[in-house]
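Thank you all for coming; I would like to walk through one structure with you, slowly and in a few steps.

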Amino acid sequence: MEAQRCTWRGMAGDPLYEAYHDTEWGVPEYDSRALWEKLVLDGFQAGLAWITILRKREAFRAAFDGFDPETVAAYGAADRARLMADAGIIRSNAKIDAAISGAKIYLAMRDRGEDFSDFCWSFTDGKPVQNAWTEDTGVPAQTPLAVEVAGALKAKGFKFVGPVIVYAWMQAVGMVNDHLTCCFRHLPIKEMGR
């Protein structure tokens, strides 16, 4: 018998999407660089389906030098032109500029002694919010907490961090456990958050 998963549209039978759901989505992430990478990728997702970004993720990682904030923050006009010419990623001036400026903000926070992970997780007291949704129709697109986090990110200067994008990011990095209660990943993810 096959394990029961969340009922994401388009996931059933897609090995890449299923693997992402089964091994990565909702796992609490505390690494600052990884949290920033995912925030950038969720920003690129704006207006698109996540599977589009997932299929291009390795191309994004190659194009953005492994999402090393030091390297990305130093990007100039030639790098920006290179990225806009890269068919492997989403070519959007605004989103590319947001990634570069986001790297600068990330480094400025670090230089002030403010760890990006500590900042992100401070909104949940360092532990994932444990939800108990029984069906996808109950899972919100945003929450008051996502509005708060989005506002704090915007106040720091980050772009493409509206509440819907931020909530999707919070779900992905395990700040909230939104695996359905019937999903085989719900309880293991819940255990990771204790």
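Predicted model: local features only at pLDDT ≥ 70, side-chain atom pairs only at ≥ 80, totals over all residues.

What volume does the largest pocket have? It comes to about 690 Å³, where a pocket is an open set of points on a 1 Å grid over the protein atoms alone, fitting a 1.4 Å probe and with protein on both sides within 12 Å along at least five of seven lines, and the volume is the space filled by probe spheres set on the points, joined across faces, edges and corners.

Residues are numbered from 1 along each chain as its sequence is written, and side-chain values use heavy atoms, with hydrogens and water left out.

Back to the pocket: 28 residues line it, and Trp8, Tyr17, Gln45, Ala168 and Gln171 are the ones nearest its centre, a lining residue being one with an atom within 4 Å of a point. Helices H1, H2, H3 and H9 each give two or more residues to this lining, and the largest share, 6 residues, is from H9; helices here are DSSP runs of H or I, at least four residues, numbered from the N terminus.

Let me turn to the interior. Buried means under 20% relative accessible area, exposed over 50%, and partly exposed in between, with a 1.4 Å probe and protein chains only. Phe64 touches, among others, Ile96 and Ala99, contact meaning heavy atoms within 4.5 Å, and both Ile96 and Ala99 are among the buried residues of H6.

Finally, the cysteines. How many disulfides does the structure hold? There are 0, a disulfide being a pair of cysteine sulfur atoms within 2.5 Å. The sulfur of Cys183 is 3.8 Å from its closest cysteine sulfur, in Cys6, and that is too far for a bond; for Cys182 the closest is in Cys183, at 6.7 Å, again too far. Cys183 is buried, at 4% relative accessible area, whereas Cys182 is partly exposed, at 32%.

How values were computed: Lists of a residue's contacts leave out its neighbours within four places in sequence.
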